[in-house]
Amino acid sequence: MKDPETATIFAGVDGRTDTELPEWYAEQHGGPEPISFSAAIRELPQAVDTEVAYRNPYSDEWVETERFNAIVEPSRLQAEAGGDTGTESLFHIPTDSYSIINPVDVYGPLEEVLREETIDGTPLGDVMFGEIRRYRGGGEVHIDIMFDGLEVRLPGRSDPITMGVTSGYDFFGEHAVYVEGFAQDGYCSNTMRSLTDKEVIKHVGDVRNFQTWWEEILAQVELVADDLFEFIRDAQDIDLDFSELPFTVTEFYTLLGFPDYLAERAAGDAEANAASPFEIDMWTLHSGGTYALTHFFQGKEGASLDQYVRIANDILFNPEGTIERVEQAYEQQLEADGDDGSQASLAGERALASIERVSDDLQEKVEQFEEREDALRERFQEAMG
């Protein structure tokens with residue numbers, strides 16, 4: 001992803017907690033000592049609205065508009081008034097239906113929830129840690145929040161997959177705030193996104209009760225933590241034998257929709273971590289995809305990343321749908337290449353037949369995936385009231 005303009009590491013909900021970063025996370029994020037989440041949130045830029053005017057070039061007068069207000073950073077307005085031209089105070093000029101939601105409006109209620117909710121008897125606020133990333137002058141912010149101890153541990157690995165949420169907001173009219181389930185694999189630093197449905201609040205309309213919102217979302221994340229190990233274990237039992245398939249590991253990812261540069265990185269990681277570079281299980285293929293997205297994605301956080309995250313997650317959570325997508329893409333590729341004679345046509349039919357055999361072999365395992373996903377979805381609905 002594109003490097004943020006600034007990044008802040010935090011640990012603990014406020015100054016009263018004595019929270020240290022987990023060792024695996026501290027090794028990845030060496031630098032200044034982390035500050036508390038409460039302090040980090042209050043360092044973020046705020047927004048207020050102010051009247052917009054236009055200059056009449058004939059009278060040299062400024063005339064206020066009635067429909068539009070500018071969204072600006074108040075402390076930067078003061079700096080500009082004092083002669084500081086090094087900062088830009090203007091974020092956005094929206095229509096009059098725009099609702100400002102500042103970071104303290106959203107994350108202040110979360111602080112209270114983190115003090116009250118516990119894991120193994122310890123308040124979540126005592127074990128929280130993560131990173132805040134700023135873009136576009138601080139008008140766009142993304143936050144990873146994880147909880148040490150809310151985790152999945154895989155056999156043979158010393159570092160856990162730690163659960164949490166990723167959240168963010170902007171002042172540019174795209175979304176006032178979003179949040180979704182998130183995890184980071186301490187073994188390889190890969191991030192797993194969209195582990196729950198993304199909850200989004202727009203810049204239009206009434207602002208809901210954020211404390212209740214956070215309580216419901218954190219309940220979802222705990223449910224995912226309970227089930228994630230089972231999804232991974234099942235995916236480890238599904239192998240793709242690429243020596244029997246008509247495409248390479250790299251082509252597997254491109255058929256799914258990854259751009260070439262990501263497909264190559266994903267394939268390299270999957271082959272390196274598989275027992276055999278020709279027989280790779282679905283968990284390892286998923287991990288290869290998240291590796292490429294975490295470390296080599298060239299776009300920005302948001303919708304451009306989300307489309308590839310959904311593809312990678314389907315490898316783990318929807319293996320049948322993944323194979324169907326590959327089969328459809330391969331068939332379309334054959335049709336686009338055209339029929340160069342009976343030999344080519346026969347080879348294409350054999351290739352499709354080999355993919356269909358993989359799909360058939362999956363059928364006996366698909367039911368347990370679907371049952372677990374349906375049960376998880378039902379519990380999500382209960383958690384969201």
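1. The second largest pocket holds about 380 Å³ of space. A pocket here is an open set of points on a 1 Å grid over the protein atoms alone, with protein on both sides within 12 Å along at least five of seven lines, and lining residues have an atom within 4 Å of a point; a volume is the space filled by probe spheres set on the points, which are joined across faces, edges and corners.

2. This is a predicted model, in which local features need pLDDT of at least 70 and side-chain atom pairs count only at pLDDT 80 or more, while totals for chains, interfaces and linings use all residues. Residues are numbered from 1 along each chain as its sequence is written, and side-chain values use heavy atoms, leaving out hydrogens and water.

3. Of the 19 residues that line the second largest pocket, Met 1, His 29, Glu 131, Arg 133 and Thr 294 lie nearest its centre. At least two lining residues come from each of α1 (23-28), β7 (128-135), β8 (140-152) and α9 (282-296), with β7 giving the largest share, 3 residues. Helices (H or I, at least four residues) and strands (E, at least two) are DSSP runs, numbered from the N terminus.

4. Ser 89, in the loop between α3 (74-81) and β4 (90-92), is buried, with a relative accessible area of 5%, where buried means under 20% (1.4 Å probe, protein chains only). Not counting residues up to four places away in sequence, Ser 89 touches Ile 71, Val 72, Glu 73, Arg 76, Leu 77 and Glu 80, contact meaning heavy atoms within 4.5 Å.

Definitions and conventions: 1 Å grid on protein atoms, 1.4 Å probe; cavity = no way out; pocket = protein on both sides within 12 Å on 5 of 7 lines; lining within 4 Å. Buried < 20%, exposed > 50% of the residue type's maximum accessible area, 1.4 Å probe, protein only.
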